[in-house]
Structures are given as structure tokens and as C-alpha cells.
Amino acid sequence: MNFISTIQNVFRGRTLATIGMIWLCVILVAALAAPIFAPFDPLDIDPIGRLQEPSWAHFFGTDHFGRDTFSRSIYGARMTVVIGLGSVVFALIIGGLIGMLSAYFTRLGHVLMRIVDVLMAFPALLLALVLMTLLERSVTNTIIVIGIVYATTTARILFGMTLKLKGEVFVDAAKCSGAGHSSILFRHILPNLISPLLVQASFIFAFAQLQAAALDFLGLGLPPEIPSWGNMLSEERIYVTRAPWLLLFPGILIIISVFSINLVGDAMRDSIDPRFKDDIAGV
Amino acid sequence: MTQPAPLLQVNDLKTYFTIGTGGPFGSGKQTLKAVDGISFEIHAGEVLSLVGESGCGKTTVGRTLTQLEPATDGEAYFNGTEILSLPNSQFRPLRREIQMIFQDPFASLNPRLTIEQTLAEPLHIHKLAKNRKEARVLISETLQLVGLDPKVMDRYPHEFSGGQRQRIGIARVMILKPKLVIADEMVSALDVSIQAQVLNLIKDLQRDSGVSMLFISHDLGVVRHISDRVAVMYLGKIVEIGNRLEIFENPSHPYTKLLLSSIPRIKPGRTKVEDLGEPASATSPPTGCAFHPRCAIATEICRSAQPEMNELSETHVSACHNISQLLGGHA
Ligand SMILES: Nc1ncnc2c1ncn2[C@@H]1O[C@H](COP(=O)(O)OP(=O)(O)OP(=O)(O)O)[C@@H](O)[C@H]1O
Ligand SMILES: [Mg+2]
């Protein structure tokens, strides 16, 4: 099971997912090498050249400070990647641990999963809003808040799956071999959770973008001076009639990116699931 | 005459489960007496078979003795140490000596671990190998012992057939050189053509290593060649226990006779198999002798009183009210 053949399995015969993956790579490259690709400094203001239409000089036009929207969009890709990866890592580690430990240690689970249930009773955006109002606007806090929101769903899913895996015969067999709790949890149960975790990661990455954009738009997310697609939407929203391109480009970028992540996530799930079935049926 | 102390001495073991959600007012809860007061012993090097039909509690006996289920009551002395009440941390070193082979060879191997990883785990836990190289040597030896090519250790479980997987399961147990192996229906999930091979393998391994076994099966036919002694279980209780010949040639309990008559025979003309009937429920067992609703010779007392264990010989014990009648006078 090597890495390259796994990748080939995921994308063979799935054109849309392949296009989605290419787009995500473009975003990643843009994020890593933003200073190289951006023709202007994203923070350079130009009071004379405000609200310019898209042109060869400014592909995406300029905003109400005269900043180059194209350059800001490229720097915005950075935030997309940082927020996405940050939320995924936070949510999977925290949520995964809560879910696994709760299922494995029943008493602890009674407490932890009740807290998760309470948090899940809030709609995701409302929960993020409430938490954000308690915290300062910053990249870290945005990641933490979105991470907490999706840690709850991750915990729920992994709780159910761990509960099932914990009753598997191979877990009993490991106990009979003398394996301790940590070895059973992390050596025997966790590797069997890799595919749901991957699916969950792509789901969180996509929704984190929407959440972050919504928080930015409401002025509760990233600090306003950071160019992110959500902040761009938020700051330029009053110019929607005079300079619609200011909303069009970041809006399209968010939509295409979320769509791409979902396509790639679905492809991963589809390609992993049948092989998972093979383990059980292909004997 | 004094016999050496048994390797395993089980006294009045009980394992009850609470089942049912309990409903909103905790009503629907029921106690399921999966194992209800059984006693037996296994001596060093001996194979005791535990037979009985599905649901009578055989697996639960094995799982309780390996602390996979908590015992409700009773004692089990292993080499003189009471093991049912041992805290997990103190039982762990003993796990090396008390090993279990599971019924389902497909479910008992972790699909995400290679055979080497699966077999190395017990070695490292019990510090039987200092490093990977030492472990691989031991794994190779054990794989050969169970009739597999050592090269298979780099592969994953899904690449193997049921019989091969059960051999891997046997290897995982034998690599620890245990004193007692509990084999739970270890061939019943396999093709009939494979069953004999695996049975012969475990029989040879048992004889060569001198390990004691609790061999669990619902099929008296399977246990015939492997057992030294046989215990017959019905609804959580042992109804008859004796040497192999005593059980197969001279069965006394009506249930044992029923089980014996249901072993399929190849001889034509003897095809009549007595109807096994419906086993009773373990949540609300019949009063008196649990077997009486299905028993051809049940009398009034069977409905009201639980039968005692009657000694038929020093090694042969049977729990039936009507034994003296059957044998024509008390033994
Ligand atoms: N963890 C459990 N919780 C509740 N009930 C259980 C549990 N394990 C077993 N039982 C019940 O206990 C009884 C005995 O089960 P057990 O598996 O020991 O029987 P068995 O003799 O091994 O049967 P089989 O031949 O089907 O394997 C059954 O009625 C079963 O439903
Ligand atoms: Mg069983």
C-alpha cells in the first residue's frame, strides 16, 4: 500500500475530482509563494486609483483603498490554507481524542459526550459566533473556534465507530495478548479509523472556509488588516453596485475551493471504502 | 489416592448479564444467567472439552476465565492463584499462561496489522524478544510450527483463507508457550474440509507441548478425538462430566444422549436423528431441572427440584434425578 498507488486509486477515472485536486494545488502554491505571484503589495493603498475596474494592470480591479484585489486574493489563499489545515488538525485531534476516549472509557464518556451534545445543540455558525465574541480577533482564535465547532461532530462520529470497534474480536484478542489501554486505542482501534478521519478532514476543511468567511463577513473573524477572502467580501460589501467585481472574485474563489475540497473528499471516501470492504469480503 | 493439584480449578462460577434497556422506569431489565454455577478442573497436560448447544454459555465460560467478562460469583484457581478477582494489572502477566483461540478467524485478526505485527505484539508485551530481529526469529519458528511459510509474516490478514487465518490465530497463542489454552469453537467457522486439518494441527501441538486445553465446541463429533474428559453444559450448568469413554460409550444424562444421537453418521440405516427441540431461555429458565421440558423421562420431581450431582464413578458425574432408576439402583 504505497503512497503513489493510493493517489492513483483516488483519482483514476474521476475527472472532476482531479480538476478539484489541481485547483487545490494551485491554491497551495499561491499560498506558499504569494510574494512571487502577487504583482503588488496587498497592503499598498492608492487613494487615486480607488475602485478601478479589472484591467491588464489590475486583473481583479482595485478596492476602496485602491489596493490590488488580485494580489489580495493570492495572499488570501494563505489564510484559506492556514485556517483550513489549522481547523482540521485541531478538530481531529481534540474531537478524535474525545470520541475515542469516551467510547472506550464508558464513565468518562458519560460526562464528555454530554458536553459534546450540548455544544452540538447550537447551530455551527451560532456556536462560532458566541465563542468568537468572547475572544479577540486573531488567526489562532479563529482556528480554535472553528476547531471546537467541528471537534464536536468529529467526536460524535468517532464515538460511534470506536464503540463498535471496541467490541471487535481482534480487540479481545489483543487484550488476551496482554495489550494495555493505550495500545488497544492507538495501535488497534485508531488505524481502523483512518478512512472516516480522512473523510472528516475534507469535510472540515471545506466547512471551515465557509465558517471563516462568514465570521470575517460579520466582522468577528480574522483581524481586518489580514487579507482573506472573507474579509474582502466583508469590507467591500457596500460597493456591491458600484464595483461588483470586488465581491465577485473572492466569492467565486470561496465557492470553487469549497467545491473542490468536497469533490476530492468524496473521491477519497469512494476509493477507500471499497478497499475497506475488500478486507472483510475479499477472502 | 492423591492426585497432583489441578492446573485450573473452577468452583461454582457464575457470570450473569443484565440485558434490556430498562425502559423509562428501569422496568424491562432482566438478568441473563449465562453461566450459573459451574465447577470443573483441568490438570496439567489434559484436554477438557466443554460441549453444549448454542447459547448455553460455553463462550462466556472462556471469556470469564480470561477476564474478558467479569465473573458474578465463584472462584477459579490457576496454579493456586485465584484469578477472577485479580485486578487487571496483576492478571496481565498471567495472560501469557492463559491464552484463548477465538471462533471467528476473520474477526480475530486486526485487518490493519501485518502478520508480523500481530505476532510480535505478545512477544514485546511479555518481554520474550529484545528486538525486532529476535522477534522475527521466534515468529518464523512459530509460523513453521503451525504449517505456514515464514514469508507470510509481511502480509495482511485479508490475503489469507479462513484455515490459514486460524493457523495464524494458533500461532499467536502458541508463540507465548502458554500453560492453558482455551479454544472456543476454533474450527466451527471453517469449511468442513479444512476442519480436520486444523483439528489435527491443534491435537499435535497440544500433545507435543503438553499444554492443557479447555476445548469448547457445540459438536460432540469434533471433540471425540481430542478430549481426555468431556463436560456437557446445558443452560449455564454442567449436567454431566466424565472421561471421554464414559461420555461417549456410557452416557447417563438424557441431554448427553440427545447430543450424541444428533452427531451425523455416515452409516446408512442409522439416519434417524432425534429432534433436538427448542432450547429453553436463559433469562427465564424452567423451574427444577432446566432440561425437563425436553426430557423424555422427566418425572414430577424434575419440575420442582434442581438435581444434584450424582457420582457414577470417581471421574463420572451426572446431574439427573432419574439416574438411579436408569442404572437400576444407586451407584
Ligand atoms: N455480553 C453479553 N451481554 C449480554 N448477553 C450475553 C453476552 N454475551 C453472551 N450473552 C448471552 O449469554 C448466553 C450464553 O452465550 P454464549 O455466547 O456464552 O453461548 P455459547 O454456548 O458460546 O453459544 P454459541 O454456541 O452460540 O457460541 C446467550 O444467551 C447470549 O445471548
Ligand atoms: Mg460461543
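Colleague: How many residues surround ligand 1, and which are the closest?

Modeller: This is a predicted model. In it, ligand 1 is surrounded by 14 residues. The closest are Ser54(B), Gly55(B), Lys58(B), Thr59(B) and Thr60(B).

Colleague: How far from an oxygen atom of ligand 1 is the polar side-chain atom of Thr60(B)?

Modeller: A polar contact needs a pair of N or O atoms within 3.5 Å. The backbone of Cys56(B) has a polar atom 3.2 Å from an oxygen atom of ligand 1, and a side-chain N or O atom of Glu185(B) is 3.4 Å from a ligand oxygen. For the polar side-chain atom of Thr60(B), the distance to an oxygen atom of the ligand is 2.5 Å.

Colleague: What part of the accessible area of ligand 1 does the protein cover?

Modeller: On its own, ligand 1 has 630 Å² of accessible area. The protein covers 65% of that.

Colleague: Which element gives the most to the shell around ligand 1?

Modeller: In chain B, β1 (8-19), β2 (30-42) and α1 (58-65) are the elements that give two or more residues to the shell. By class, the shell has five nonpolar, five polar and four charged residues. The largest contribution, three residues, is that of α1(B).

Colleague: Which helix gives the largest share of the nonpolar patch of chain A?

Modeller: The patch covers about 530 Å² of surface and is made by Val118(A), Phe122(A), Leu126(A), Val130(A), Leu134(A) and Leu135(A). Three residues, the largest share, come from residues 124-134 of chain A, that is, helix α6.

Colleague: Why does Leu126(A) count as partly exposed?

Modeller: Leu126(A) lies in helix α6 of chain A. The partly exposed class runs between the buried limit, under 20% relative accessible area, and the exposed limit, over 50%. Leu126(A) is therefore partly exposed, as its relative accessible area is 40%.

Colleague: Is Ala267(A) buried or exposed?

Modeller: Ala267(A) is part of helix α12 (residues 245-281) of chain A. The relative accessibility of Ala267(A) is 2%, and the cut-off for burial is under 20%. Ala267(A) therefore counts as buried.

Colleague: How many residues of helix α11 of chain A are buried?

Modeller: Helix α11 spans residues 229-236 of chain A and is mostly covered. Its buried residues are Trp229(A), Gly230(A), Asn231(A), Met232(A), Leu233(A), Ser234(A) and Glu236(A). Out of eight residues in the helix, the buried number seven.

Notes
Residues are numbered from 1 along each chain as its sequence is written. Chains are lettered from A and ligands numbered from 1 in the order in which they are written. This is a predicted model: local features need pLDDT of at least 70, side-chain atom pairs count only at pLDDT 80 or more; totals for chains, interfaces and linings use all residues. Side-chain values use heavy atoms; hydrogens and water are left out. A residue is near a molecule or strand if one of its heavy atoms lies within 4 Å of it. A polar contact is a pair of N or O atoms within 3.5 Å; within protein, one must be able to donate a hydrogen and the other to accept it, and residues adjacent in sequence count only if both atoms are side-chain atoms. Accessible areas come from the Shrake-Rupley method with a 1.4 Å probe; for residues, only the protein chains shown count as cover. Helices (H or I, at least four residues) and strands (E, at least two) are DSSP runs, numbered from the N terminus. Ala, Val, Leu, Ile, Met, Phe, Trp, Tyr, Cys and Pro count as nonpolar, Asp, Glu, Lys and Arg as charged, and the others, Gly among them, as polar. Patches are made of residues with over 30% relative accessible area and no salt bridge: like charges are joined within 9 Å, nonpolar side chains (Val, Leu, Ile, Met, Phe, Trp, Tyr) within 5 Å. A salt bridge is a side-chain nitrogen of Lys or Arg within 4 Å of a carboxyl oxygen of Asp or Glu. Buried means under 20% relative accessible area, exposed over 50%, partly exposed in between (1.4 Å probe, protein chains only).
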